[in-house]
Structures are given as C-alpha cells and as structure tokens.
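This report is meant for someone meeting the structure for the first time. Please look over the sequence and the model below before reading on.

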Amino acid sequence: MTTENTYVFIPLNCDQPCFVYFGSRFAYKVEYSDIFMNDVRSGHVESVSRSGKYTPQ
C-alpha cells in the first residue's frame with residue numbers, strides 16, 4: 001500500500017499496454033484485461049511485486 005497518488009494510463013488503442021505509476025515513479029506496464037480493469041475500477045491495483053496477477057497464464 002502507498003500513500004502516493006496512483007496514476008493508470010489506459011491506451012485508446014487495444015494493442016498498447018497500460019502504464020501504472022505510484023506518485024511520480026513508473027511502477028509497471030500490463031496488457032489491458034478484465035482483471036486489471038476491475039482492479040482499476042475498484043481503486044486497488046496491485047503492487048509492483050504482485051503485478052504478475054495481470055500476466056496472462
């Protein structure tokens with residue numbers, strides 16, 4: 001958990017990744033997915049160490 005603002009950049013083109021920043025620092029990039037978007041909508045994206053949750057199996 002962080003007290004920094006979280007910024008999520010979602011592309012207009014589905015062929016581009018989403019980018020997550022915690023504060024002014026780049027955290028990770030992920031492919032657009034329902035799992036990721038559900039977390040974004042709920043305001044609870046994963047930490048860097050748990051971002052593998054968004055990697056397709």
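The text that follows goes through the strands, the nonpolar core, the salt bridges and the surface.

This is a predicted model, in which local features need pLDDT of at least 70 and side-chain atom pairs count only at pLDDT 80 or more, while totals for chains, interfaces and linings use all residues. Residues are numbered from 1 along each chain as its sequence is written, and side-chain values use heavy atoms, with hydrogens and water left out.

**Strands and their pairing**

Helices and strands are taken here as DSSP runs, with at least four residues of H or I for a helix and at least two of E for a strand, numbered from the N terminus. Two strands are said to pair if DSSP finds at least two bridges between them. Strands β1 and β2 run antiparallel and are joined by four bridges, and in this pairing the partner of F9 in β2 is F19. Strand β2 (residues 18-22) and strand β3 (residues 25-30) also run antiparallel, with five bridges joining them.

Strand β2 has two faces: C18, V20 and F22 make up the covered one, whereas F19 and Y21 make up the uncovered one.

Ahead of β1 in the chain lies E4. Its relative accessible area is 47%, which makes E4 partly exposed, where buried means under 20%, exposed means over 50% and partly exposed is in between, computed with a 1.4 Å probe and protein chains only. E4 and Y21 are 17 residues apart in sequence, and their C-alpha atoms are 9.4 Å apart in space. When residues up to four places away in sequence are not counted, E4 touches F22 and G23, contact being heavy atoms within 4.5 Å.

**The nonpolar core**

A nonpolar core is a set of buried Ala, Val, Leu, Ile, Met, Phe, Trp, Tyr and Cys residues joined through side-chain atoms within 4.5 Å. Which residues form the largest nonpolar core? The largest one has 10 residues, namely C18, V20, F22, A27, Y28, V30, F36, M37, V45 and Y54. At least two residues of this core come from each of β2, β3 and α1.

F36 touches V8, C18, V20, V30, V45 and Y54, with residues up to four places away in sequence not counted. V30, which is placed in strand β3, counts as buried because its relative accessibility is 7%. Leaving aside neighbours within four places in sequence, V30 is in contact with P17, C18, F36 and Y54. V30 and G52 are 22 residues apart in sequence, yet the distance between their C-alpha atoms is 8.8 Å.

**Salt bridges**

A salt bridge is counted when a side-chain nitrogen of Lys or Arg is within 4 Å of a carboxyl oxygen of Asp or Glu, and by this rule there are three.

| Pair | Distance between closest N and O atoms |
|---|---|
| D39 and K53 | 2.8 Å |
| E46 and R50 | 3.1 Å |
| K53 and E46 | 3.3 Å |

Through these pairs, D39, E46, R50 and K53 are linked in a network. The bridge of D39 with K53 links distant parts of the chain, since D39 is in helix α1 (residues 34-42) and K53 is in the segment after α1, 14 residues apart.

By contrast, K53 is partly exposed, with a relative accessible area of 39%, and R50 is exposed, with 55%.

**A nonpolar surface patch**

Y7, F9, F19 and F26 make a nonpolar surface patch of about 400 Å². Patches are made of residues with over 30% relative accessible area and no salt bridge, like charges being joined within 9 Å and nonpolar side chains (Val, Leu, Ile, Met, Phe, Trp, Tyr) within 5 Å.

Note on methods. Accessible areas come from the Shrake-Rupley method with a 1.4 Å probe; for residues, only the protein chains shown count as cover.
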